[in-house]
Structure formats: C-alpha cells, structure tokens
Amino acid sequence: MANNTTGLIRIVKAAGYSWKGIRAAWKNEAAFRQEGVAAIVAIAIACWLDVDPITRVLLIGSVILVMIVEILNSAIEAVVDRIGSEFHELSGRAKDMGSAAVLFAIVLALITWGTLLWSNLR
C-alpha cells in the first residue's frame with residue numbers, strides 16, 4: 001500500500017495522523033493523561049522560572065521525552081493487545097520493557113530537574 005502523496009499535502013496528512021494518535025492516547029491511556037497534566041504543569045513552571053534558555057530547553061525537553069516514551073509504550077501495548085488476550089511470555093516481556101523505558105525517561109527527567117534547579121536556585 002504505497003503512499004503517493006508528497007510535499008505539503010503529506011505534511012498536513014502526517015500532522016493529522018499525529019493529532020489522531022495524541023487524541024487516542026489521551027482517551028485510552030490513563031498514564032498518558034496523568035503524565036500529560038504533569039507535563040503541562042512542569043512546562044509552565046519551566047517557562048516561569050528565571051533560568052537561562054539552555055536550562056529552560058533542558059527542563060522542557062526532559063518532560064517532552066517522557067511523553068514521547070509513554071506514547072511509544074502505549075503503541076506497543078496496543079499492538080500486543082490487538083494480537084490476542086491470552087498470556088504469552090513475549091507479549092508480557094514487550095509490555096514490561098515499554099514500561100521500563102517510561103520509568104527510565106521519568107528518572108532522567110527527575111535527575112535533570114533536580115540537577116538544574118539545584119545549580120540555578122542555590
């Protein structure tokens with residue numbers, strides 16, 4: 001199934017698919033909603049803080065990374081659930097690894113925020 005659209009039409013269609021994915025994650029994934037609200041608060045705080053632009057980008061970027069990894073984890077879970085509801089070791093492993101990736105992203109964000117706030121606000 002080849003996609004023959006190019007140029008601006010392809011970009012517009014891709015943006016539509018992306019928006020559809022964000023809406024699906026918001027509707028179907030409680031973790032995405034929770035992290036989304038936390039991201040909005042964190043981004044507002046990062047914009048409010050009196051820090052240099054690089055620090056602000058790192059603070060916001062670490063939060064956006066969590067959202068990216070959560071979307072990918074949700075996609076993995078959706079595909080695994082689509083395949084079947086019966087337990088399979090590989091399905092469980094895929095879901096667990098996706099969850100571990102989210103955990104690492106959250107830990108990275110916490111370390112980033114802790115380090116940058118500590119160095120800028122003391």
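## Close-up views of a predicted model

View 1. The model is predicted, so local features need pLDDT of at least 70 and side-chain atom pairs count only at pLDDT 80 or more, while totals for chains, interfaces and linings use all residues. Residues are numbered from 1 along each chain as its sequence is written, and side-chain values use heavy atoms, leaving out hydrogens and water.

**View 2. Helix 2, helix 3 and helix 4 each give at least two residues to this lining.** Helices are DSSP runs of H or I with at least four residues, numbered from the N terminus. The volume of the largest pocket is about 250 Å³, meaning the space filled by probe spheres set on grid points joined across faces, edges and corners. Its lining has ten nonpolar residues, one polar and one charged. Ala, Val, Leu, Ile, Met, Phe, Trp, Tyr, Cys and Pro count as nonpolar, Asp, Glu, Lys and Arg as charged, and the others, Gly among them, as polar.

**View 3. Helix 4 packs its buried residues against helix 2 and helix 3.** The buried ones (under 20% relative accessible area, with a 1.4 Å probe and protein chains only) are G98, V102, A105, A109, T112, W113 and L116. How far apart are the end C-alpha atoms of helix 4 (residues 89–121)? They are 47 Å apart, which agrees with the 48 Å that its 33 residues should span at 1.5 Å a residue; the expected span takes 1.5 Å times one less than the number of residues.

**View 4. E29 and E77 are listed by UniProt, in an unreviewed entry, under "binding site".** UniProt positions follow the numbering used here, feature names are shortened, and annotations may be inferred rather than shown by experiment. E29 sits in the loop between helix 1 (7–28) and helix 2 (30–48), whereas E77 belongs to helix 3 (residues 53–83). Leaving aside neighbours within four places in sequence, E29 is in contact (heavy atoms within 4.5 Å) with A24, S74 and E77; on that basis, E77 is in contact with E29 and K95.

Technical notes:
Buried < 20%, exposed > 50% of the residue type's maximum accessible area, 1.4 Å probe, protein only. 1 Å grid on protein atoms, 1.4 Å probe; cavity = no way out; pocket = protein on both sides within 12 Å on 5 of 7 lines; lining within 4 Å.
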